[in-house]
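Conventions and cut-offs are given where they are first needed.

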Amino acid sequence: MIPLSWYLILSAALVCIGVFGVISRRNAIAMLLGVELILNAVNINLLAFWRYKDVSSVTGQVFTIMVITAAAAEVAVGLAIFIAVYRNRRSIVAEDVAELKG
Amino acid sequence: MILDQVIFLVTAVVVLAAAVLVVSVPKMIHAALWLILALAGVAVLFVLLQAGFFAVVQVIVYIGAIAVLVIFAVMLTRKAMVDDGPQLNRYSVMAGAVSLMMFAALSGMLLSWDGANALPANPAVHPDTIVNLGESLTNPQGFLLPFEVASILLLAALVGAIFIGREQRAGREEE
Amino acid sequence: MAAETLLWLIPLPPLAAFILITLVTNKNKTLSHGLAIAGAASSWVMSLIVFIQAITRPNLAENPISSSINWLPTGETALRIGVQLDNLSAVVLFFVAWTILMIFIYSVGYHNYGQPAGERDVPGLPPRGAEIKDAHGHTHRVPSVEPMYSRFFGFLSLFAFAMYLLVVCDNLLLLYTGWEIMGLCSYLLIGFWYGKDSAKKAAMKAFMTTRIGDVFMLLGIVFLYTQAGTLNYREIFGNAELMRTLTTTPAGFLGLSQAAGIGLLLFIGTVGKSAQFPLHVWLPDAMEGPTPVSAMIHAATMVSAGVYLAIRIFPLLTAGWEPGGALTPAMMVVGAVGAFTALFAATIAVAQNDIKRVLAFSTISQLGYMIAAIGIGAYTAAIFHLVTHAFFKALLFLGSGSVIHGMEHGVMHSGEHVDAQDMLNMGGLRKKMPVTFWTFLIGGLALSGFPIITAGFWSKDEILAGAYHGGQMAIFITLALAALLTAFYTMRQITLTFFGQPRTEAAAHAHETPWTMTVPLIVLSVFAISVGWSGIPEHFPLIGGLIPNWCETFTGAMLGHEGEAAAFSAVPLLVSIVVSLGGLTLGWLAYRKVKIAVDPLKQALGGLHTVLQRKYFVDEVYNFLFIRPAVWISEVFTSRWMDRVVIDGFLHAIARAFLWLGKIVRHGFDVPVVNAGGDALAAGIRKGGAALSPMQSGRVQQYMVVTITVVMVFSAILFAILKLV
């Protein structure tokens with residue numbers, strides 16, 4: 001039997017790798033890939049808790065569906081934004097978009 | 001069973017390795033492909049968790065739609081690819097330290113929690129997952145509202161993505 | 001209308017005239033003099049009505065015509081003021097009303113009403129004449145109308161109001177009020193021609209000198225009020241109990257009884273107002289004012305007010321005296337002052353050349369007579385002389401004004417610049433100004449006491465008789481000598497002015513004055529003759545007893561007791577006739593041959609004449625003793641030292657100290673601390689902002705790193721806390 005802690009540590013590791021990816025990659029699309037990793041880790045966490053704690057309830061599943069939905073929407077919009085920015089500036093480097101500097 | 005554990009470990013290793021590669025390979029198309037592998041591994045994990053529906057959803061939505069979308073974006077921004085130059089920005093050291101610390105903290109916290117060593121609940125009791133899920137999603141006393149809101153979110157994302165992504169030459173007079 | 005109501009109304013028409021002239025009719029000469037004369041005439045009519053009612057009322061002394069109202073509430077009781085007409089004030093009211101009206105009418109002509117305005121006339125200086133062209137094209141200089149015509153009538157009306165108020169009131173407070181208003185008016189009128197330096201000085205002198213007297217008078221009034229609790233005449237003098245207390249209680253100063261002390265304090269007011277020695281110095285200088293003013297103030301009304309007061313307080317002065325007995329100390333002081341002044345002023349008058357100055361000193365002398373009469377207890381004689389003197393002195397002053405006018409006309413006609421008032425420049429005016437001559441002669445004879453026909457004889461004789469019969473030989477002899485000198489200088493005056501030949505061209509060309517000036521002279525001369533016949537003593541040989549001695553009985557009733565008729569003695573009568581006729585003859589003899597403008601007496605007396613002419617140098621002595629130190633105190637001590645050095649210095653020092661303090665605060669605290677602090681704060685914030693600014697790089701990934709780091713740190717802290725708890 002797989003103890004819950006294995007799943008939890010796995011998802012923790014995945015989250016950390018995802019965070020690292022978001023923060024430290026120059027390419028904007030690579031940031032998005034990092035975000036996907038984080039969201040997947042979250043899904044793993046949710047379903048693990050659903051399975052191990054209260055299988056009869058449906059809350060964990062619904063939450064997971066919401067996360068997947070949100071991830072999809074966010075990727076779509078995010079990529080649209082990146083492409084618009086790319087068209088404008090010919091650059092896909094996240095650091096170059098520093099309009100809020102001040 | 002020990003079989004579960006073995007499968008789990010193998011899958012875990014694959015996922016983590018793929019994830020590391022996602023965040024470290026210089027070429028973006030390689031990163032996208034490694035992401036697909038990671039997502040597949042996560043789908044296997046879902047099966048292990050006896051959430052078969054979600055494994056299928058994972059494959060269809062994540063791998064089938066999102067990863068493909070990412071590949072499209074990579075393709076569209078090929079000219080600006082900085083695959084040759086440095087991939088990591090100035091915060092990478094700090095980010096690495098922070099992630100490691102985060103991992104240490106999270107693991108420490110989780111392992112110190114005595115519920116962590118729980119075993120899965122009795123499988124014979126759990127009901128038909130999908131039917132329950134479907135019923136609750138459409139039940140006003142259940143999760144109908146979040147369901148509907150999620151639909152609106154998707155709609156907004158849809159419209160927004162189209163609007164942001166349109167060609168500027170087509171004229172901006174249409175608001 | 002009841003007599004009481006009329007009494008209240010008597011002072012009001014002149015007051016109304018004053019107010020209206022000052023505020024409304026100032027520019028219009030005709031309206032102004034019309035209002036003034038209407039006011040004086042209404043008061044005259046009312047006074048005569050009341051006078052007639054008074055003399056026909058039986059027992060006037062016990063129940064005078066009176067009316068009073070509550071005026072000032074003082075706790076339970078109230079200070080009452082009101083009017084009262086008893087025997088004394090009825091007689092005084094009679095002559096006051098007549099003389100005021102005559103003087104008002106006279107002033108119209110005196111100020112040349114109807115003449116053209118002079119081209120060089122300025123308000124503040126006497127008019128200098130106007131040039132007119134007649135039908136032949138010759139230019140003549142004629143007298144011009146006074147520029148400040150209305151102002152004169154306004155002030156004169158105020159004066160009349162004050163005098164009427166003083167006469168009809170029934171208490172010392174109102175009397176004092178009228179007294180002070182008259183003092184003000186005399187200042188305003190003596191200084192009427194305010195452009196002349198001499199007039200300004202004279203006005204100031206008059207006011208200051210009478211003020212000295214008034215201060216003591218006020219002390220007397222206050223003293224009386226504290227002892228008696230009232231200032232009403234009847235409540236004081238009619239209250240035998242109170243009079244006894246006042247007579248027997250010592251006053252606390254000079255060993256006098258309270259009645260004597262109060263009486264003397266009040267008497268000092270009279271000394272000032274009636275120009276007795278030593279406060280006589282203002283009256284000669286007061287001749288700077290126009291002649292009607294001199295007549296009004298110094299003959300008819302103001303100086304008479306002083307004597308009126310002295311007569312009013314007769315019970316206080318004579319407290320403790322029995323008729324025929326020894327004089328009380330207060331009476332001795334009064335008598336001495338009066339007699340001395342009479343002789344003193346008479347000697348000075350002998351050496352004066354200005355026609356008005358002679359009359360001024362003559363007034364002082366005659367007032368001395370009246371005061372002396374009070375001093376020896378001759379109550380009715382004093383009142384009698386007061387009345388007759390008012391008439392003939394007013395007559396003489398108005399006559400002198402007429403003479404001066406005639407002389408000024410002559411000056412303008414002849415073109416020579418002589419002093420129109422100097423008697424040595426006159427002469428032979430009886431042919432040129434007959435009406436003035438005859439009336440002046442009647443007045444002069446009355447003043448000298450010409451027997452039988454003039455009023456002055458009867459009143460002077462009364463006083464001399466009173467002195468003789470009272471056994472006051474010193475006073476008798478002094479007064480007799482003064483009478484001799486009076487007759488002498490009066491005849492000197494008449495001879496120099498009217499007899500002989502004109503000594504200057506101006507005198508040769510003088511002519512008579514208009515009817516507005518001569519008619520009052522005639523009216524007054526009638527009184528100067530006839531008033532005396534109301535007081536013929538019963539024991540007089542031949543004609544005594546033919547006409548009842550109305551004056552004696554009427555005024556004597558005020559004393560409350562039947563004054564015994566003095567046994568007749570021929571001595572005072574003979575003395576009086578001798579000095580009068582003798583003085584007149586001597587005067588005529590000495591001066592009838594004067595051809596040039598030199599006084600023969602000057603050669604005869606030499607240095608003594610200079611002393612007399614310079615009025616015994618009293619003014620110079622006062623100047624040295626009082627005026628110069630006072631001026632020094634005010635100019636040097638108070639103004640220069642105290643005010644500028646001490647007070648101003650102190651204020652400047654405070655100002656400097658505060659300026660210095662302000663500078664310190666500004667440079668020590670405000671600039672370095674407050675300003676610099678504010679600036680440093682702003683700069684610090686700007687620097688802080690600039691320092692913090694790089695934190696916002698605009699790079700999202702940096703924000704994320706920071707966020708995660710901070711969250712981790714907080715979580716760690718929180719976790720540690722929870723673990724510990």
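## Contacts between chains

Seven residues of chain C are in contact with eight residues of chain B, two residues being in contact if their C-beta atoms, placed from the backbone, lie within 7 Å. The side of chain C that touches chain B comprises four nonpolar, three polar and no charged residues. In this classification Ala, Val, Leu, Ile, Met, Phe, Trp, Tyr, Cys and Pro count as nonpolar, Asp, Glu, Lys and Arg as charged, and the others, Gly among them, as polar.

The model is predicted, and local features need pLDDT of at least 70, side-chain atom pairs count only at pLDDT 80 or more, and totals for chains, interfaces and linings use all residues. Residues are numbered from 1 along each chain as its sequence is written, while chains are lettered from A and ligands numbered from 1 in the order in which they are written.

The contact between chains B and A takes 71 residues from chain B and 63 residues from chain A. On the side of chain B, two or more residues each come from helix H1 (2–24), helix H2 (28–48), helix H3 (52–76), helix H4 (92–112), helix H5 (129–137) and helix H6 (144–165) of chain B. By class, this side of chain B holds 55 nonpolar, 15 polar and one charged residues.

## Chain composition

Helices (H or I, at least four residues) and strands (E, at least two) are DSSP runs, numbered from the N terminus. A residue is buried if 20 or more other C-beta atoms lie within 10 Å of its own, exposed if 12 or fewer, and partly exposed in between, with C-beta atoms placed from the backbone.

|---|---|---|---|
| B | six helices, zero strands | 24% of 175 residues | 47% |

The elements of chain B run α-α-α-α-α-α from the N terminus on.

## Cores

A nonpolar core is a set of buried Ala, Val, Leu, Ile, Met, Phe, Trp, Tyr and Cys residues joined through C-beta atoms within 7 Å. The largest such core has 220 residues, and C:Phe159, C:Phe391, C:Ala394 and C:Leu479 have the most contacts inside it. Helix H17 (residues 379–414) of chain C gives the most to this core, with 20 residues. A second, separate core of 81 residues includes A:Val15, A:Val58, B:Ala43 and B:Phe54.

Neighbours within four places in sequence aside, C:Ala394 is in contact with C:Thr99, C:Met102, C:Ile103, C:Ala295, C:Ala299, C:Ala300 and C:Leu524.

Because 14 of its 15 residues are buried, H20(C) is largely enclosed by the rest of the structure. C:Gly471, which follows H20(C), has a positive phi near 80 degrees.

C:Met491 is found in helix H21 (residues 473–498) of chain C. C:Met491 counts as buried because it has 25 C-beta neighbours inside 10 Å. Residues up to four places away in sequence are not counted here, and C:Met491 touches C:Gly583, C:Leu584, C:Gly587 and C:Trp588. C:Met491 and C:Leu445 are 46 residues apart in sequence, and their C-alpha atoms are 8.3 Å apart in space.

## Backbone features

A cis peptide bond, with omega of about 0 degrees, joins C:Phe277 and C:Pro278. C:Pro278 lies in the loop between helix H10 (258–273) and helix H11 (282–285) of chain C.

Positive phi also occurs outside glycine. A:Arg90 has a phi of about 60 degrees and lies in the segment after helix H3 (59–89) of chain A. With 11 C-beta neighbours inside 10 Å, A:Arg90 counts as exposed. C:Asn112 has a positive phi near 60 degrees and lies in the loop between helix H4 (87–110) and strand E3 (130–133) of chain C. C:Asn112 is buried, with 23 other C-beta atoms within 10 Å.
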